[in-house]
Amino acid sequence: MQRTTRDYLRHISTAEASVTAMSFPAAAYQSGVGDAVDQTAVFHRSWQLVAHLSQLQRTGDHVVHEVAGQPVIVVNTGEGIRAFHNVCRHRAGPLAFENGHAKTLMCKYHGWNYHLNGQLKSAPEMHTTAGFDVCDHRLPEVRLDSWQGLVFIALQADVPPISELFTGIEDRIQPIELSNMTFQRRDEFIINCNWKVYVENYLEGYHLPHVHPGLNQLLDYKSYQTELSQWHSYQFSPLDQGGDFYGEGQAHYYFIYPNTMLNILPNRLQTNQVLPMKNNQTRVIFDYFYPEFDGREDFIKQDLAFSDEVQDEDIMICEAVQKGLDSGSYHQGQLCYKREQAVWHFQELVRTAYRQLLNSK
Ligand code: FES
Ligand SMILES: [Fe+2]
């Protein structure tokens with residue numbers, strides 16, 4: 001390991017947050033050595049949301065995704081859902097550029113053709129190539145599991161069983177059943193901030209009165225609460241004025257370490273994935289899912305418009321915070337015990353991941 005990486009890991013992971021509840025130092029949000037560390041320590045060693053089963057209903061349906069720089073394809077093989085590296089065994093071409101449906105997986109570069117189970121089926125004009133046998137080639141598989149219809153993959157083996165991530169959530173959200181929802185729409189945002197800035201902004205309602213006046217009217221800020229679990233944190237609030245729009249009940253906001261958010265309302269699921277890019281940009285994917293119900297179309301329209309308003313407000317504040325972190329005038333600050341426990345919890349999980357990487361070298 002390079003000395004700079006070791007220094008970075010020591011600097012961030014040994015900050016005494018558990019005693020003084022201080023935020024991460026500004027260095028944790030700067031582009032450079034921390035980027036590769038986050039990919040290795042966090043994104044390779046965690047469950048990453050890739051799809052919902054409603055997108056993989058028929059044999060041959062597939063979804064493409066990229067996790068920690070690794071292109072992945074998730075396929076309904078007819079004998080179960082499986083995930084493979086989306087990288088051809090010939091010269092590393094892609095089997096698919098986008099989500100779709102196909103009887104076989106044909107590489108987009110030279111047409112090597114794979115069965116849905118990843119085994120190479122045929123390869124054009126390779127029969128005269130000495131020592132070539134289709135039987136010798138198959139796409140490497142990626143670990144996959146699902147919970148309530150949400151499909152996750154893990155690039156490395158040393159991740160906890162997926163059930164541990166969601167302990168208690170199923171009981172909490174009843175009678176809502178996420179596998180009954182179907183995929184409706186995807187929105188993507190490129191944001192000029194480190195991915196941890198975006199995650200931490202999600203993890204506290206402290207900014208609600210100042211950043212989201214509209215949302216603040218809908219939720220009951222005083223009753224807004226946060227609970228911590230081993231691998232997830234939970235924020236919830238009764239819907240104060242939401243009776244005629246979002247329906248009676250609660251808004252459930254779950255953060256699943258390290259970068260998945262499940263925003264659950266009585267009539268919809270919105271998932272957010274927060275993916276780091278180069279130069280301290282972050283790609284945030286919003287997927288919307290709804291069950292069947294009367295008045296669904298009108299509801300979807302209103303839901304999207306309102307969600308866009310809140311997201312614009314969050315983007316503006318996250319980009320401003322990144323400028324503040326880059327300004328050189330800030331080192332770290334003290335977290336609010338009442339309102340920012342989930343930020344502390346996230347930072348503890350990241351610190352633990354950094355320590356593991358440090359100790360493994
Ligand atoms: S890279 Fe796939 S066929 Fe050549
Ligand atoms: Fe916000």
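**Exercise 1.** Which residues does Y257 touch, not counting residues up to four places away in sequence?

*Solution.* This is a predicted model, in which local features need pLDDT of at least 70, side-chain atom pairs count only at pLDDT 80 or more, and totals for chains, interfaces and linings use all residues. Residues are numbered from 1 along each chain as its sequence is written, and side-chain values use heavy atoms, with hydrogens and water left out. Taking contact as heavy atoms within 4.5 Å, Y257 touches V42, L165, W231, F346, L349, V350 and A353.

**Exercise 2.** Which residues touch the most other members of the largest nonpolar core?

*Solution.* Such a core is a set of buried Ala, Val, Leu, Ile, Met, Phe, Trp, Tyr and Cys residues joined through side-chain atoms within 4.5 Å, where buried means under 20% relative accessible area (1.4 Å probe, protein chains only). Of its 90 residues, those with the most such contacts are F166, L178, Y198, Y257, L262 and Y354. Helix α10 (residues 341–360), a DSSP run of H or I with at least four residues, gives the largest share, nine residues. A second, separate core of 16 residues includes F84, W112, L120 and L139.

**Exercise 3.** Identify the donors of the iron ion (ligand 2) and their spacing in sequence.

*Solution.* Donors are N, O and S atoms within 2.8 Å of the metal (3.2 Å for Na, K and Ca), and because water is not among the atoms, sites may look incomplete. The iron ion (ligand 2) is coordinated at 2.0 to 2.7 Å by H207 (NE2), H212 (NE2), D314 (OD) and D314 (OD). The donor residues are spaced H-x4-H-x101-D, and both H207 and H212 are buried.

Technical notes: Chains lettered and ligands numbered in written order. Buried < 20%, exposed > 50% of the residue type's maximum accessible area, 1.4 Å probe, protein only. Helix = DSSP H or I, 4+ residues; strand = E, 2+ residues; numbered from the N terminus.
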